[in-house]
Amino acid sequence: MEQCACVERELDKVLHKFLTYGQHCEQSLEELLHYVGQLRAELASAALQGTPLSATLSLVMSQCCRKIKDTVQKLASDHKDIHSSVSRVGKAIDRNFDSEICGVVSDAVWDSREKQQQQILQMAIVEHLYQQGMLSVAEELCQESTLNVDLDFKQPFLELNRILEALHEQDLGPALEWAISHRQRLLELNSSLEFKLHRLHFIRLLASGPEKQLEALSYARHFQPFARLHQREIQVMMGSLVYLRLGLEKSPYCHLLDNSHWAEICETFTRDACSLLGLSVESPLSVSFASGCVALPVLTNIKAVIEQRQCTGVWSHKDELPIEIELGMKYWYHSVFACPILRQQTSDSNPPIKLICGHVISRDALNKLINGGKLKCPYCPMEQNPADGKRIIF
Ligand SMILES: [Zn+2]
C-alpha cells in the first residue's frame with residue numbers, strides 16, 4: 001500500500017500543477033485578448049478619422065506584439081515543466097513496483113494459438129463486465145471478438161443490474177417485486193432480504209413525518225411473516241412511531257435514518273440474488289486476479305531462487321505452479337481431488353474412483369492401468385477387479 005501511496009502523491013502533484021496551469025493559462029490569454037481588443041478599437045477609430053498612424057500608437061503596437069510573444073513563450077515553458085512532473089510519475093512507478101512480474105509466467109501462456117483457450121479468457125472478461133454492469137462494453141467486446149453469448153447467460157446479469165441500479169437511486173420497487181416473487185427460495189437460503197427491503201420502505205415513510213403515520217402503520221402488516229425471525233427489529237420500528245411528531249432525527253431512533261442501510265441492502269441483495277441464481281458474488285476474473293495478487297510475491301521469490309541456484313527447467317509446465325501457494329480462507333471454495341497418477345483434477349467426466357484397497361485414483365488412470373481385465377493398485381499393489389471401484393463424490 002505504501003508503494004501505491006507514493007505513486008499517488010506524485011500523481012496528485014501533476015494534477016495540481018495541471019489545474020493551476022490551466023487556470024493561469026486561461027487568465028493570461030484572457031488578459032492578452034482584452035489588451036489586443038483595446039488596441040484594435042484604437043486603431044479602428046484612428047483609421048476612421050483618417051489620421052496617419054501616430055508614433056505612440058506604433059510604439060504601443062510593437063509593445064503589444066512583444067507581449068504576445070512573451071506570453072506564448074512563458075506558457076510553452078510552463079507546459080514543459082509539467083512534462084517533467086509527468087515523467088516523475090513514471091519514475092515513481094518504476095521505483096515502487098516490480099516491472100519484472102512478467103517473468104513469473106512462461107511466455108507460452110499468452111501465445112496460445114488455440115481458439116478455444118482464447119475464448120475462455122474472452123468469456124471470463126465478458127462475464128466480469130456483465131457482472132459489473134458495464135453492459136455496453138461487454139456487448140462491444142462480444143462483437144469485436146466474435147464471441148457468441150446467448151441470452152440465457154446474459155439474462156440474470158441484466159436483471160440483477162436493473163434492480164441494483166434502482167436500489168442505488170433508492171428505488172425499492174424492482175427489488176421488492178423480485179424478493180416477493182422468490183420468497184420461498186430466499187427463505188430456504190435463510191435470507192432476510194425481503195424483510196430488510198420492507199424495513200427500508202417503512203423507515204422511508206417514517207422519515208416523511210407525521211402525515212405518513214397512517215400509511216406507515218398500515219405498511220407494518222408486511223412485517224407479519226417475519227415476526228418470528230425479526231421480532232427485535234420490528235419492536236424497534238414500532239417504538240420509533242412514538243417519536244414521529246417530534247422528528248425521528250432528534251430521537252433515540254435516529255440510527256434508523258442512517259444512510260448505511262442503503263449500502264447494506266445493495267450488498268444483501270447482490271449476495272442473496274447471486275446465490276439464488278447460482279452466480280458467484282465476485283466474477284471468476286476478479287477472483288483470479290485477487291488470487292494472482294496474493295500469489296505474485298511468492299512466485300517472484302521462487303523465480304529468484306530458481307535463477308540463483310541455476311536450476312532452470314524446474315518450472316517448465318505452463319499449466320502448473322512449482323509449489324502450492326496458500327491463498328487464505330477467503331479463497332477456499334470446495335474440495336478438489338487431483339488424481340495422483342495422472343496429476344489432473346478430477347471432473348464429472350473423469351471422476352475419482354475408490355479401489356477396494358482404499359486408494360483413490362481417477363477413472364482415466366484406472367482405465368489405463370487395466371491389464372488383461374485385472375487392475376493392480378499402483379500404491380499397495382493389490383490386485384482387483386476394475387469393476388469393484390466405487391465413484392466418490394466430494
Ligand atoms: Zn491400493
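Reader: At what angle do the axes of helix α3 and helix α5 cross?

Author: This is a predicted model, in which local features need pLDDT of at least 70 and side-chain atom pairs count only at pLDDT 80 or more, while totals for chains, interfaces and linings use all residues. Residues are numbered from 1 along each chain as its sequence is written, and side-chain values use heavy atoms, with hydrogens and water left out. Helices are DSSP runs (H or I, at least four residues), numbered from the N terminus. Axes are lines fitted to C-alpha atoms, for helices over the stretch in contact, with angles from 0 to 180 degrees between N-to-C directions. Here α3 (residues 115-131) and α5 (residues 151-168) cross at roughly 25 degrees, their axes coming within 9 Å. The two helices are therefore roughly parallel (angles under 35 degrees).

Reader: Which residues of α3 and α5 make the contact?

Author: Contact means heavy atoms within 4.5 Å. From α3 come Met 123, Glu 127, Tyr 130 and Gln 131, and from α5 Phe 153, Lys 154, Phe 157 and Asn 161.

Reader: How many residues has the largest nonpolar core?

Author: In soluble globular proteins, nonpolar side chains tend to be buried together. A nonpolar core is a set of buried Ala, Val, Leu, Ile, Met, Phe, Trp, Tyr and Cys residues joined through side-chain atoms within 4.5 Å; buried means under 20% relative accessible area (1.4 Å probe, protein chains only). The largest has 47 residues, with Trp 178 and Leu 193 among those with the most contacts inside it. Helix α8 gives the most to this core, with eight residues.

Reader: With which residues is Trp 178 in contact?

Author: Leaving aside neighbours within four places in sequence, Trp 178 touches Glu 159, Ile 163, Leu 186, Leu 193, Phe 269, Ala 273 and Leu 276.

Technical notes:
Parallel < 35°, antiparallel > 145°, perpendicular 65-115°, else oblique. Buried < 20%, exposed > 50% of the residue type's maximum accessible area, 1.4 Å probe, protein only.
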